[in-house]
Amino acid sequence: MKLIWVWLEGLLAALLAVGWVVLHQGAEERHKQLAELPFEVIKLRPLLPAMLVFIEKVRFVARFSGVFYRIQSSVQKGFGVHMSGERSLLYIAEMAGYIWLLLTLGFVLAAVNGGSATWLALGAMLAVVLPVALFRDLQKKVQEREQDILLELPELLNKIILLVGAGETVQRAIVRCVQRKQENAANHPLYKELFQMLNELENGYSFQQSLETFSKRCGVQEVSVFTTTVLLNFRRGGGEFGLALRDLSRTLWDKRKAVSRMRGEQASSKMVFPMVMIFVIVMILVGTPAFMMMNM
């Protein structure tokens, strides 16, 4: 019976390996080009063409449209609207690649260890857990991006208020604020999107169009409120515009305090386990000599 399990697990491992080879050979040029699409979170590039063919064959998008649109929504919020559908397919293909790889390894290790069910169960468990962890990691990155934007937006708004109060137009004030933060353009999501907005202005977009596309790319409610307030009031100018920006600034500072407080609580909760471990180690180091002396 054990020998039968060994042969069966070996056969399934071989079928998965051969299946990947067949899918890879069936990949067309469009699958290979899509697999090379720049997307910094993708790690398993060599497996992607075959997995893209597999997703296409099983009609994943049509059958699991809810899952696809949830992933696409997170990709849009975290990495922009541009080519979000293609990037979502890449992300799903990578998940499928991890599942395929872990199941293959599970069958191989189970067969090598004499039909051990432990290795098979471990491979199957990882094949389920890892894709879920990848999706949660994507959501966490999106949440961190939104928080980074919300933390920086009140400071940007305060600078705009000061420049507008000094006589600058709102468009020129935004340009000045962004140019002074040029070194942060690649590292901070807010200034990255603002620099793209400036490029659009230089390429002939109107100020209104640039602000609207900037708001869509950020995908944060507070940015939408900011752009709406600016678009509704910047033509009027005068005291009404400054008053509207100050009211918005107070609201954004309150939200920034809430985000800072939440991040502080998260950081403190992460320190609990290391502190408990240190406490236990210190107690062992201090208590061991005392117990040894008592036994003597």
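1. Phe60 is buried, with a relative accessible area of 18%. Buried means under 20% relative accessible area, exposed means over 50%, and partly exposed lies in between (1.4 Å probe, protein chains only). Phe64 has 44% relative accessibility, so Phe64 counts as partly exposed.

2. A word on the source. This is a predicted model: local features need pLDDT of at least 70, side-chain atom pairs count only at pLDDT 80 or more, and totals for chains, interfaces and linings use all residues. Residues are numbered from 1 along each chain as its sequence is written, and side-chain values use heavy atoms, with hydrogens and water left out.

3. Now the aromatic pairs. Rings of Phe, Tyr and Trp (its six-membered ring) pair if their centres lie within 6.5 Å; planes under 30 degrees apart count as stacked, over 60 as edge-to-face and the rest as tilted. The count comes to three aromatic pairs. In one of them, the ring centres of Phe54 and Trp100 are 5.4 Å apart and the planes stand at 75 degrees, so this pair is edge-to-face. It links distant parts of the chain: Phe54 sits in helix H3 (residues 48-57) and Trp100 in helix H6 (residues 84-112), 46 residues apart. Helices here are DSSP runs (H or I, at least four residues), numbered from the N terminus. Trp100 is buried at 17% relative accessible area. Phe54 is partly exposed at 30%. Phe60 and Phe64 also pair, and theirs is tilted: 5.2 Å centre to centre, with 35 degrees between the planes.

4. Take Leu194. Leaving out residues up to four places away in sequence, Leu194 touches Leu156, Ile174, Val178 and Phe214. Contact means heavy atoms within 4.5 Å.

5. Last, Ser249. Ser249 is found in helix H12 (residues 238-270). Ser249 is buried, with a relative accessible area of 6%. Which residues does Ser249 touch, not counting those up to four places away in sequence? They are Leu157, Asn158 and Ile161. The C-alpha atoms of Ser249 and Pro154 are separated by 5.9 Å, although the two residues are 95 apart along the chain.

Terms used:
Helix = DSSP H or I, 4+ residues; strand = E, 2+ residues; numbered from the N terminus.
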